[in-house]
Amino acid sequence: MTGMATDQTAHTPGAVWSALHQVRDPELDEAVTDLGFVAGCRVSDAGEAVVRLRLPTYFCAPNFAFLMVADAYDAVSAVPGVDRVQVILEDHFASTEINSGIAARAGFVHSFDGQALAELDELRAEFLRKAVMAGTDRVCRPLLAAGRTPGELAELTLGEAPASADRERLRSRRAELGLPAGDGDPLLVDPVTGAAIGAQALPLHLRRARTTRVSVDANAGVCRGLLRERYGTADVSRTDAEEMG
Amino acid sequence: MYEKDGEKYFVVDGHTHFWDASPANWVPGQEQYAKGWIECFHAYQSLGPPETHWSLEQFQKYPEEMMMRHLFDEGHVDVAIFQPTYLKQWYRDGFNTTETNAALAERHPGKFVVNTRWDPREGDEGLAQLAADVERWGCKGVKLYTAEWRGDSRGWSLKSPEAARYLEKCQELGITNIHVHKGPTIWPLDKDAFDVSDVDFAATNFPELNFIVEHVGLPRIEDFCFMATQEPNVYAGLAVVIGGLMHARPRFFAKVMGELMFWLGEDKLIFGADYAIWEPRWQVEGFVDWNMPTDPEYSDYGQLSTQAKKKILGLNAARLYGLPVPPELDLPVPAGPEGAEPLAAPASI
């Protein structure tokens, strides 16, 4: 072991990667690291982190791309030992606008002059609500398969649902939206209002939750396939069976 | 026509193209977009079986003879519907235009339906062009691409008053089928470009027009399903669903089909191979052979009957376009909602 500064530098790339692991594709609700979107990340001795991001297609929606680059910038900036951050989105039609906009902390409206009317908070919230619906299916499906009735689910609290990674993921998305997320709060809530879902509305709510999950999963499947074709990323593309597992 | 196990299927490919994305057709200064577009399409082809993959060079521009062979000699297709996509900002003569498609169609009578397109940003000139296209080629359908770039504009919405003018014109001209294709950009860019609420809006305001949402609204299948279940004149175009998922992601394919059958049903689903992204042969054969898996995971999805497959592969589109179906390829009762429940209607009156 040498001095403190050296240790910190040596650990920084791992810490940067961990920080990037907290950055999600808002549309797919998965970590950019798991999706294979991080093409590279290095930290210089001077404490400058350079992160390269890549997406499945040249024409991926620019608003989601902007959010990922912005979130990566914020996450990496918070890593101790990192003094400067550069996040570079590669091979994208709007790379120039996004990269320079993020570097200048200019916001979405300024980065896409004349093309956007608002920042992306509402878009992010809209997709968090989808993540809550998809997460609801992930948590409820095993319960229904185990013989619980929809009526019983309407009575359950979040804390009474069996502990699992899926439950905590659901809890965290609800918390991000400002929805009730405590152990004593209902397992099933409206993703807009946070109100409990009553027994009568529940079958349709669960159907919609299922459809949302199928849609997001199918999208993620297509995205992984396109990324694999574009960059030869077989190592990060889980198989169909594993994804469904 | 495709025959398997004694069953005969009338095949209408609801989504086909004859494009030119070769470098010679790229607009100077816009090369990166023209190149990016076709490379993106080419990546989608990789989701099909390996033996159906083409080189990028072949994919950029393919001969007429090859298309005819892939669709009609090998692909079991009886009639294919051309869906133009202009993209003239990037491709000098257009990517896949009504004119190019129609010229090919005229050389092969009876094989193609020629759809045209419009863009509400083209104003009165565009309305006149639409009328001229209909007069010249007898178009019954249009393909709309809301993400098309035009000057500084990155797209448009079916909610705009300008779009309403064009939809009114469609009614006046006898166009009945509006195919809508969503892409990654619109105005404003801070909104979700794949949002289908503008289709909902237009379908409600124009109940006499049919709205076929291509690629089932991918990547917003859920929003599309929740909307389509409320609109009697909204259909799902299956291009990309079969091509992009059936081989590459069979389990997701099963679930997406289960969802579409649940929310829309067999009368609302329209097959499209999306040539030249994917050849129709493996899609038609695979879809006829396909069954919903029997694992408990799929237990709340219904099986697809042979009748449902016949409707999806051709009879539904034939009904929308008034295509004659040989009697031996039709269902014992007429295809469609009326035919599907021959006993229910009198009982409920």
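Helices (H or I, at least four residues) and strands (E, at least two) are taken as DSSP runs and numbered from the N terminus, and two residues are in contact if their C-beta atoms, placed from the backbone, lie within 7 Å. Axes are lines fitted to C-alpha atoms, for helices over the stretch in contact, and angles run from 0 to 180 degrees between N-to-C directions. In these terms, helix 3 (residues 62-77) of chain A lies across strand 4 and strand 5 of chain A, running at about 160 degrees to strand 5 of chain A.

## Model and confidence

This is a predicted model, in which local features need pLDDT of at least 70 and side-chain atom pairs count only at pLDDT 80 or more, while totals for chains, interfaces and linings use all residues. Residues are numbered from 1 along each chain as its sequence is written, and chains are lettered from A and ligands numbered from 1 in the order in which they are written.

The predictor assigns the complex an ipTM of 0.93 and a pTM of 0.93. For chain B the pLDDT (the predictor's confidence in each residue, from 0 to 100) averages 95, and 95% of the residues score at least 70. Residues 339-349 of chain B have a pLDDT below 50, and this stretch has five contacts in the model beyond near neighbours in sequence.

## Chain A overall

Chain A contains ten helices and five strands, and its C-alpha trace spans about 60 × 50 × 35 Å along the principal axes. Of its 245 residues, 43% count as buried; a residue is buried if 20 or more other C-beta atoms, placed from the backbone, lie within 10 Å of its own, exposed if 12 or fewer, and partly exposed in between. Among the contacts in chain A with a separation of 6 or more, 65% are between residues 24 or more positions apart.

## The sheet of chain A

Three strands of chain A form an open sheet in the order 3-4-5, with mixed pairing; two strands pair if DSSP finds at least two bridges between them. Strand 3 and strand 5 of chain A stand at the edges, each with a single partner strand, so one side of each has no neighbour in the sheet. Direction ignored, neighbouring strands of this sheet are turned by 10 degrees against each other on average. Strand 3 and strand 4 of chain A run antiparallel and are joined by five bridges; Val38(A) stands opposite Leu53(A), and Cys41(A) has Val51(A) as its bridge partner. The covered face of strand 4 of chain A carries Ala49(A), Val51(A) and Leu53(A), whereas Glu48(A), Val50(A) and Arg52(A) lie on the uncovered one.

Gly47(A) lies in the loop between strand 3 (38-43) and strand 4 (48-53) of chain A, two strands that form a hairpin with four residues between them, and in this turn Gly47(A) has a positive phi of about 90 degrees. Because it has 17 C-beta neighbours inside 10 Å, Gly47(A) counts as partly exposed. Leaving aside neighbours within four places in sequence, Gly47(A) is in contact with Gly81(A), Val82(A), Asp83(A) and Arg84(A).

## The nonpolar core

A nonpolar core is a set of buried Ala, Val, Leu, Ile, Met, Phe, Trp, Tyr and Cys residues joined through C-beta atoms within 7 Å. The largest such core has 169 residues, of which Ala65(A) and Val69(A) touch the most other members. Beyond its neighbours within four places in sequence, Val69(A) is in contact with Leu53(A), Val87(A), Leu89(A), Ile98(A) and Ile102(A).

## The sheet of chain B

In chain B, an open sheet of five strands has the order 6-7-8-9-10, with parallel pairing. Its edge strands are strand 6 (141-145) and strand 10 (269-270) of chain B, each pairing on one side only. Five bridges join strand 6 to strand 7 (residues 177-181) of chain B, and Leu144(B) has Val180(B) as its bridge partner.

Helix 7 (residues 197-205) of chain B packs on the sheet, touching strand 7, strand 8 (210-213) and strand 9 (234-237) of chain B, and its direction makes about 165 degrees with that of strand 8 of chain B. The buried residues of this helix 7 of chain B are Val199(B), Asp200(B), Ala202(B) and Ala203(B), and their cover includes helix 6 (161-173) and helix 8 of chain B.

## The interface

Between the chains, 36 residues of chain B are in contact with 36 residues of chain A. The elements giving two or more residues to the chain B side are helix 1 (31-45), helix 8 (221-228), helix 9 (241-246) and helix 10 (250-263) of chain B, and helix 1 of chain B supplies the largest share, seven residues. By class, this side of chain B has 21 nonpolar, four polar and eleven charged residues, where Ala, Val, Leu, Ile, Met, Phe, Trp, Tyr, Cys and Pro count as nonpolar, Asp, Glu, Lys and Arg as charged, and the others, Gly among them, as polar.
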